[in-house]
Amino acid sequence: MARIGGSNDVAGEFLPHDSTHQHQREKRDKTALRNGVPVDINIVFGQLQHWVLPEEDIFEDREDDTLDHDLSAGSSGESNDDTSSSSPALEKRQQRKLVYITFNTCLQPQFNLSLPLESPLPQLQVFISNSTANQTPGPEASNRPQSVMPIIQGYGSLAIEAAGSIFIGVYAANMSEEDQQKYTFDWNYEIAASTAGPYHGWTVKKNLYLVDTDNSAALLVTGNLTTDSTPPQSEIDEIMGGPTPYLLYTYNSQYPTTFRGLERSYCAVSKIPTPFLTTSLTQRGLGNLPKQQFHLSGLNKTSTYQAYLMRPPPQSLSPSLSRNSSIPFWGPVLWDSLTITTKTSTNCQLIYNLPFCSDIAYSVPSNPTVFSSPAQLATFYDTIAQNWYQNFEYSLQQVSCEPIDKSMKYSFARNCTDCKKAYRNWLCAVTVPRCADFTSTLPYLAERGLDTEFFNQTANATVPNDPEKIAFYSRGNDTYTASSLRSRNPEIDRVVRPGPYKEIKPCLDLCWSLVQSCPRVLGFTCPALGSWGQMVDYGERSMDGDVTCSWIGAVYFLSGAERKVGWAGLWGVVLWTTAVVVCTLVH
């Protein structure tokens, strides 16, 4: 990145706070930009800085992105006598090129917090001219040809057609000396002009998803890193063996921050001090395609954070990632923020990257006095599921999956591989329950462990429940009293002993897929939709993207199209009757 030294070491002038007074102005030549090279610089109150992208830089390669126009001809296409020549000078005048100018405010003066808070500072102003009649665009050149680039939360972008040089003015609004004393530091901004496309990027296109939180951590994941929904294995291998392409910055919404008002600026957001972060690549989730995941720790309980996904300039990325044309910016890109809210209770803890239940990534019933780390807790749950799965495999071995007589196959649509996958998904979902705060009042949650108490292993004593709290947050729900007294996995109450918590129930379609995929002789059935058994043990998916039931690879607020990809083959399944084997295993 190019840098010009000094706080205001760039061509420009100072405009008076009161334009009716005659002040001596400092005037200097315009500072040249280079095509496609970003520059960052400081600017102070009342300063107007001038830039120029020279004509020779714009038309350096006339074969690319060039629009042929006759600048002298009228709408009829007729031309004057002096434009009939094919001289090089005329050809230059007849060339036009689209120039993309992008802008980021990186820093802004900071208000003295010991004073009463005043209105936010106005955004920097950017004026652009493609006419030699206005080579010093700015707030006092409104009677000359110029365009104003809208700057919103520190970000601006404007495309302008050029037949010659482009002239730019950047202005920081002035204020009285007395008001200036209320602030420290200057502005800093980054500007780029390019004929290849916009350099800086900001987009609302969703590419970051919340997986889950506990009271001190959060897990997030990006969209698929592939350019196709069915990429070749070579592309998947290349991405999984390559670098992580994205950065993540996070701040607590409840505390004042120095970059408020600059939320769309890549260079401003990149200066946020972020809690402890680990990142890696994963194929967990929809499509089992490569994604990048971020684990944030050291967060405050019951707090709201804003998370910003960022892509650095792509020259450091692998060729496959650079080919992704869905983002029309070739420089750094910032996505709109994602809101994260941490849990309150200590008896839900986030686990992920399990060896057997590899698609599990959410908070589970926990006890930090029994399990000293999330990894230890994950091993506990994963081992239980793996042991139960082994018993299932013994039963499946009694079934002839590939009989010599093909007419004897148990299904022409599914096979034993499908059965194993469906059982594994179902087993992991019911063995490793998704935990929510007991104080949450979301209507789709189920109370668990009401008849148990949190066990403090350090003190070797249980913590008595508050009867009023139990009564209030269980909503006096008599229908589910029996299932609410204990956990669906008895090992949780025996070993973990988390006390009362709430559960996001497994999705009913996991059971449907199990019945649909496995031999009937195994005896799997599911409760009917709307039955008491279904309401106690299974939830239903929400079409608005909320995680109202637990499914493998679930993340919050996927679009409808993305969710349908994950649910392929699950719709149109017949409803089944009272649970027999399934409910026996659940309880």
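**View A. Helices H7 and H8 pass each other in a right-handed crossing.** Right-handed means that the near helix is turned clockwise from the far one by less than a right angle, while anticlockwise makes a crossing left-handed. What you have here is a predicted model, in which local features need pLDDT of at least 70, side-chain atom pairs count only at pLDDT 80 or more, and totals for chains, interfaces and linings use all residues. Residues are numbered from 1 along each chain as its sequence is written, and side-chain values use heavy atoms, with hydrogens and water left out. H7 covers residues 374-396, and its axis lies 10 Å from that of H8 at an angle of about 145°. Axes are lines fitted to C-alpha atoms (for helices, over the stretch in contact), with angles from 0 to 180 degrees between N-to-C directions. Helices (H or I, at least four residues) and strands (E, at least two) are DSSP runs numbered from the N terminus. On the H7 side, look for Tyr381, Trp388, Tyr389 and Phe392, among others; they belong to a contact whose H8 side includes Cys419, Tyr423 and Leu427. Contact here means heavy atoms within 4.5 Å. Sorted by class, this contact has 11 nonpolar, 1 polar and 3 charged residues. Nonpolar covers Ala, Val, Leu, Ile, Met, Phe, Trp, Tyr, Cys and Pro; charged covers Asp, Glu, Lys and Arg; the others, Gly among them, are polar.

**View B. H8 also packs against H12.** Helix H8 (residues 416-431) and helix H12 (residues 508-517) have axes 8 Å apart, at an angle of about 155°. That makes the two roughly antiparallel; the label needs over 145 degrees, with under 35 being roughly parallel, 65 to 115 roughly perpendicular and the rest oblique. This crossing is left-handed. From H8, Ala422, Tyr423 and Trp426 are among the residues that meet H12, where the partners include Leu510, Cys511 and Leu514. The tally for this contact is 8 nonpolar, 3 polar and 1 charged residues.

**View C. Six aromatic residues gather in one cluster.** They are Phe356, Tyr389, Phe392, Tyr423, Trp426 and Phe524. Tyr389 and Phe392 turn up in the H7 contact with H8, and Trp426 in the H8 contact with H12.

**View D. Here are two examples from the structure's 19 aromatic pairs.** Tyr251 and Phe259 make an edge-to-face pair, since their ring centres sit 5.2 Å apart with the planes at 90°. Both Tyr251 and Phe259 are buried. Phe371 and Phe380 are also 5.2 Å apart centre to centre, but with 50° between the planes they count as tilted. Phe371 is buried at 8% relative accessibility, and Phe380 is buried at 14%. Rings of Phe, Tyr and Trp (its six-membered ring) pair if their centres lie within 6.5 Å, with planes under 30 degrees apart called stacked, over 60 edge-to-face and the rest tilted. Buried means under 20% relative accessible area, exposed over 50% and partly exposed in between (1.4 Å probe, protein chains only).
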